[in-house]
Amino acid sequence: MRFLLLSCLLLLPGLFPSPGYAGVSTQEIMGRLQATYRDVKDITLGFTQKSSIEGFEEKVFEGRLYLKKPNQIRWDYLRPVKQNIYITGDKVILYLPEERQAIVQTLSGNPDAEPAMGLLSNIEKWNDLFSIRGDGEEGDFFKIELRPKTMLLIEKVLVDIHKETHYISRLTLFEKSGNRVSFYFSNIKTNSGLKDSLFDFNIPKGTEILEY
């Protein structure tokens, strides 16, 4: 559970020029990526998460992600278990309906918690948070590698960017402990006018509340 929650929070970079591929430099790719997301006010998408934890079999989760700038995120895990994560500002609620538990946390000033709104909502800040270099290409995707400047737990992040849409299609986070989590994104919709109420969560009566 800790690894699942940490991975979501982190999904929440100076730009070092490096040789490009197919005639496109890393700096150009970053410019296109940031321009694509600059005018995005909200995002709705489907995701598949594959989590590999040292000593355990790989776990696969599927669900929906809703993001609204500047600081609202909702993760709905639908399969194989149902869980909901609500992030607003520095407040995080992890709701486990089957266990009737809600875990409430306040994000700290720890460098691993600072970019809590995630990589998807802070793309314009990647140049400050990460060292970035090209990592080749694969099929329809450009690949870049992010090396955190201040995070203590994350070693690197690999990002796949679609060559035509310049949307992020996959994020893979590598922890220094050897754990790894990949997010595959699909059915991306932007600027659909998500309401603030979508990110409000009233804890149901009878739910055990654990605060950290």
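Visitor: How are helices and strands defined here, and how many of each does the protein have?
Guide: Helices are DSSP runs of H or I with at least four residues, and strands are runs of E with at least two. The model is a predicted one. Counted this way, the secondary structure comes to 4 helices and 12 strands.

Visitor: Is strand S9 largely enclosed or open, and how many of its residues are buried?
Guide: Strand S9 covers residues 154–162. A residue is buried at under 20% relative accessible area. S9 is largely enclosed by the rest of the structure because the buried count among its 9 residues is 8.

Visitor: Which residue is the bridge partner of Glu145 in S9?
Guide: Strand S8 (residues 141–148) pairs with S9 in the antiparallel sense, over 6 bridges. A hairpin of 5 residues joins S8 to S9. Within S9, the partner of Glu145 is Leu158.

Visitor: What residue in the turn between S9 and S10 has a positive phi, and what is its value?
Guide: S9 and strand S10 (residues 168–175) run antiparallel and are joined by 7 bridges. Val159 stands opposite Leu171 in S10. The two strands form a hairpin with 5 residues between them, and the turn residue with positive phi is His166, at about 65°.

Visitor: Which ring has the charged end of Lys156 over it?
Guide: A charge sits over a ring if, for Lys, NZ is within 6 Å of the ring centre and within 35 degrees of the ring normal. The charged end of Lys156 is 4.9 Å from the centre of the ring in question, that of Phe174.

Visitor: How many aromatic pairs are there, and is the pair of Trp75 and Phe183 stacked, edge-to-face or tilted?
Guide: The count comes to 10 aromatic pairs. For Trp75 and Phe183 the ring centres are 5.4 Å apart and the planes stand at 50°. Stacked needs planes under 30 degrees apart and edge-to-face over 60, so this pair is tilted.

Visitor: How many residues apart are Trp75 and Phe183 in the chain?
Guide: Trp75 belongs to strand S3 (residues 72–79) and Phe183 to strand S11 (residues 180–190). Both Trp75 and Phe183 are buried. The pair links distant parts of the chain, with a separation of 108 residues.

Visitor: What kind of pair do Tyr86 and Phe201 form, and how many residues apart are the parts they tie together?
Guide: The pair is stacked, with 4.7 Å centre to centre and 20° between the planes. Tyr86 and Phe201 are both buried. Tyr86 lies in strand S4 (residues 83–88) and Phe201 in the loop between S11 and strand S12 (208–211), so the parts tied together are apart in sequence by 115 residues.

Key:
Residues are numbered from 1 along each chain as its sequence is written. This is a predicted model: local features need pLDDT of at least 70, side-chain atom pairs count only at pLDDT 80 or more; totals for chains, interfaces and linings use all residues. Side-chain values use heavy atoms; hydrogens and water are left out. Buried means under 20% relative accessible area, exposed over 50%, partly exposed in between (1.4 Å probe, protein chains only). Two strands pair if DSSP finds at least two bridges between them. Rings of Phe, Tyr and Trp (its six-membered ring) pair if their centres lie within 6.5 Å; planes under 30 degrees apart count as stacked, over 60 as edge-to-face and the rest as tilted.
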